[in-house]
Amino acid sequence: MSGTDNEKAGIEAFVPSRRTVLVLGAAAASTVVTIRPALAQTAGSVLNCEIPVPGPHAAGSYIAQDGSTVAAMTPNAHPPMMRPLRGQEAKALLQGSVPPGVNPSSAQAYANYIRRLQSGMSGFTCYASLQMPR
Amino acid sequence: MTAAPRYIAEHRDRVRAVELDGLVVLFHETSGMTHIVAPPAPEILDALREGPADAATLLARLAARFAFEQKDGAEAVAARLAELEQAGLVRRT
Amino acid sequence: MRHQLALQIGPVAFRIGSAWPEPLAALARLYAAYPAPADDICDFTVRLEPEKPWRRWIRPSVAIQGDYVLPDAAPMALAHGLLAAEMGMNLQMALGQKRFLLLHASSVEKNGRALVMTGESGAGKSTLAALLGERGWRLMGDEFALLDLDSGNLWPFPRAISLKNGAIAVMEGEAPAERFGPLLEDTPKGAIRHLRPNEAAIVGMNQCARPALILFPRFGADCAARGVGQAEIFMRLTQSSTNYVALGGAGFDALTGLVRSCPAAAIDYPDTEGAIDLVEALWSEAA
């Protein structure tokens, strides 16, 4: 036995006797993080932004409870805001508080309107900059 | 019963890799996106470059190079592949 | 446009146009002794325009326009026109700069090496850089650090330092009155006063420096310093960059190059003097 063992030992001397341990981890673990563009965050901090509710594309429309825009005077819908929301105010609204000058019964509807903003709509870059993690 | 999905890795020429203390930062030229990946993701990508494979085959390839502490590596490898697929670094054949 | 001013700041030239003379007069005083761009060629244009035509005279309201705009920007009062011009220049850099990798960071230079400080607003990177600039360092910039994509060196970008709230009093004790702009109160960011960098910074505005130390300062706790893992540094720097993604592979190469060659530390500090001591100590270890 010793002859073949020595031979084996000779070959194995050129190869690490213990292989590196690779931890495969739990299935639920996350090992890939994708870098998200930070543009909105940094540019947004550079300028004070505002969100009109609703935007000019829907001027005069009322805001339904779920944030969608509906015809003026629709029952249970909320009137447009008299002035645009500043970035900080929009942030407060999204967190559940009511900034000064905002009708408390409409706050939820306005918050939902902001959440529904999409790229190209007035106020979207402001909204996006509020979302970026700091 | 559906066969386990087989994956191929994005070609080495289209992915720049830089190691930064234990983690690997990847720049994927096709998408222009940057990913930070932790072990065993870079090792899986490497093993996948030997040829298209499903999770079980990959596990066997990795076993030839590394020792594992855990028993059921297949589920973990499958989960890693799903993550890499979401990031666009691997795709199904 | 009615009124115009051209400014050369490090490697970047701006043309600022304005419907009103006052903001440009204040800007010209703030940037006295800065060179005009060679051959009058400018990289970016900023325009201060009335929000609506009649707002040029009635409750004057300044909208920031230029080569690059943010569509939802709130207009500003004419009294803050100087601030609008500065914000306009920031915006052009943030959205349009392609020659350099931009980091939202301050930088100062000593012996050809650069210290880079980055972090959230209010962490103190502007104030610390301003102070170091008066204590034997050359200020390279307080808002943006410019990383050369080929050489990995840092370019100066010595804009007027933007001091906010408490930092104003700190620097009023350090620099002569002539270098300060007007005190602007009730701006969206509180009280702001601009400070012109000193002569060394202006004269040296074309001298690059090799990055030698990156710091992440945080105000409010006892002095402490700890190392930061390279992957975390990389991640934090991408978050402080407005153009990392747009630059693609060149940005990736420049940033990984920086992270691999430059040590970094996170520092806590309770007051500016403590911070200066900590910075000097870490610098002598690193550079």
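Predicted model: local features only at pLDDT ≥ 70, side-chain atom pairs only at ≥ 80, totals over all residues.
## Chain A

Chain A contains five helices and five strands. Their order along the sequence is α-β-α-β-β-β-β-α-α-α.

Chain A has 134 residues, and 31% of them are buried. The contacts in this chain can also be sorted by how far apart the two residues are in sequence. Among those between residues at least 6 apart, 60% join residues at least 24 apart.

## Where chain A meets chain B

The contact between these two chains involves 15 residues from chain A and 26 residues from chain B. On the chain A side, the residues that touch chain B comprise nine nonpolar, five polar and one charged.

Strands from the two chains also pair. Strand β1 of chain A, residues 32-34, runs antiparallel to strand β4 of chain B, residues 33-37, and three bridges join them. In one of these pairings, Val32(A) has Val37(B) in β4(B) as its bridge partner.

## The two domains of chain C

Chain C is assigned two domains: domain 1 covers 3-96 and domain 2 covers 100-286. Their C-alpha centres lie 24 Å apart. The contact between them draws 17 residues from domain 1 of chain C and 22 residues from domain 2 of chain C.

On the domain 1 side of this contact, helices α1 (21-30) and α2 (81-96) of chain C each supply at least two residues. The element that gives the most to this side is α2(C), with seven residues. By class, the domain 1 side that touches domain 2 of chain C has 13 nonpolar, three polar and one charged residues.

Within it, Ala6(C) has Arg15(C) in β2(C) as its bridge partner.

Together, β1(C) and β2(C) form a hairpin, with two residues between the strands. One of the residues in the turn is Gly10(C), which has a positive phi of about 60 degrees. As a general point about strands, side chains in a regular strand alternate between the two faces of the sheet.

Notes: Residues numbered from 1 in each chain as written. Chains lettered and ligands numbered in written order. Contact = placed C-beta atoms within 7 Å. Nonpolar A, V, L, I, M, F, W, Y, C, P; charged D, E, K, R; others polar. Pairing = 2+ DSSP bridges. Helix = DSSP H or I, 4+ residues; strand = E, 2+ residues; numbered from the N terminus. Domains from an automatic or database assignment. Buried ≥ 20, exposed ≤ 12 C-beta atoms within 10 Å, placed from the backbone.
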